[in-house]
Amino acid sequence: MLGNMQGIITPLLDNFHSLHRWRMLFTVVCCMIGFLLGLVFVQVSGNYFVTMFDDYSATLPLLIVVAGEAFAIAWIYGADRFLDDIENMLGWRPGKIYSYMWRFVSLAAMLCLLLASLVYLLMKRPTYTAWNREKAEEEQLEYPPWALGLLISLIVVAALPIPVMFLRQLLLERFSQHNHNSGQIPVPTEEEDRVQEKESPADLELYPPGNGYFLVPAEGQE
């Protein structure tokens with residue numbers, strides 16, 4: 001459980017530096033939210049929610065995350081560039097076959113597995129195992145509409161950070177490039193002017209000392 005909480009808290013602290021001032025409070029809030037959400041699983045029907053989360057909140061979103069990572073490393077970051085990083089860490093360069101595996105074989109396998117999972121979910125309505133007290137046996141029942149909505153929400157929420165962060169980074173780079181190409185020269189503030197004037201000595205060629213004459217060193221003195 002400690003590892004799971006650190007997996008949530010650490011990325012948030014790394015991306016939002018203002019939270020470092022309230023690290024302890026932020027950790028307590030995250031633990032309280034996790035505790036309140038965990039109360040759902042200790043009800044009489046908690047086992048059904050555990051099965052729902054276990055079957056649908058991890059499998060398909062995990063495939064989406066892995067496929068996104070494979071695509072990002074192989075085609076956006078670059079497989080050869082990734083091999084260079086491995087060579088810098090290990091001291092020897094892996095074979096070229098890994099580059100082709102990452103770019104084609106692994107990515108194709110992930111996409112096929114993801115497509116097969118989506119087709120399976122669309123063709124077969126999700127079911128769960130319930131206990132029938134009258135028959136004294138287990139039976140497969142279909143999820144009600146509200147449960148299907150919850151399943152879709154679990155999948156979307158788990159996979160949503162990938163396209164959202166991609167679009168965010170893309171927009172930031174576009175705006176940064178636009179500001180750079182606009183050619184606007186930043187105007188320093190009064191405080192920056194005072195700091196620069198205090199730290200930078202006067203140019204002796206432009207502002208000679210004293211009565212306006214330059215000091216010439218005597219012979220033998222430098």
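Q: Start with α4 and α6. Is the crossing of α4 past α6 right-handed or left-handed?
A: Right-handed. Keep in mind that this is a predicted model.

Q: Which residues make the contact?
A: From α4, Leu60, Pro61 and Ile64 take part. From α6, the residues are Leu154, Ile155, Ala158 and Ala159.

Q: At what angle do the axes of α4 and α6 cross?
A: Roughly 25°. The axes come within 9 Å. Helix α4 covers residues 59–90, and helix α6 covers residues 145–159.

Q: Next, α3 and α6. How do their axes meet?
A: They come within 10 Å and cross at roughly 40°. The two helices are therefore oblique to each other. α3 passes α6 in a right-handed crossing.

Q: Which residues touch in that one?
A: α3 brings Phe49, Met52, Phe53 and Tyr56. α6 brings Trp146, Ala147, Leu150, Leu151, Leu154 and Ile155. By class, the contact of α3 with α6 has 10 nonpolar, no polar and no charged residues.

Q: New topic. What does UniProt list as "transmembrane region"?
A: The unreviewed entry lists residues 24–44, 56–79, 100–123 and 143–167.

Q: How much of residues 56–79 is helix in the model?
A: That span is 92% helix and 0% strand. Its end C-alpha atoms lie 31 Å apart.

Q: And residues 143–167, how much helix there?
A: Here the chain is 88% helix, with 0% strand. The end C-alpha atoms are 34 Å apart.

Q: Switching to rings. How many aromatic pairs are there?
A: The structure holds 8. One of them joins Tyr48 and Tyr128. That pair is edge-to-face, 5.5 Å centre to centre, with 80° between the planes.

Q: Where do Tyr48 and Tyr128 sit in the chain?
A: Tyr48 is in helix α3, residues 46–56. Tyr128 is in strand β1, residues 127–132. They are 80 residues apart, and the pair links distant parts of the chain.

Q: Last one. What's the phi of Ala136?
A: It is positive, about 55°, although Ala136 is not a glycine. Most residues other than glycine have a negative phi.

Q: Where is Ala136 found?
A: In the loop between β1 and β2, where β2 is 137–142.

Definitions and conventions:
Residues are numbered from 1 along each chain as its sequence is written. This is a predicted model: local features need pLDDT of at least 70, side-chain atom pairs count only at pLDDT 80 or more; totals for chains, interfaces and linings use all residues. Side-chain values use heavy atoms; hydrogens and water are left out. Axes are lines fitted to C-alpha atoms, for helices over the stretch in contact, and angles run from 0 to 180 degrees between N-to-C directions. Helices (H or I, at least four residues) and strands (E, at least two) are DSSP runs, numbered from the N terminus. A crossing is left-handed if the near helix is turned anticlockwise from the far one by less than a right angle, and right-handed if clockwise. Contact means heavy atoms within 4.5 Å. UniProt positions are given in the numbering used here, feature names are shortened, and annotations may be inferred rather than shown by experiment. Rings of Phe, Tyr and Trp (its six-membered ring) pair if their centres lie within 6.5 Å; planes under 30 degrees apart count as stacked, over 60 as edge-to-face and the rest as tilted. Angles under 35 degrees count as roughly parallel, over 145 as roughly antiparallel, 65 to 115 as roughly perpendicular and the rest as oblique. Ala, Val, Leu, Ile, Met, Phe, Trp, Tyr, Cys and Pro count as nonpolar, Asp, Glu, Lys and Arg as charged, and the others, Gly among them, as polar.
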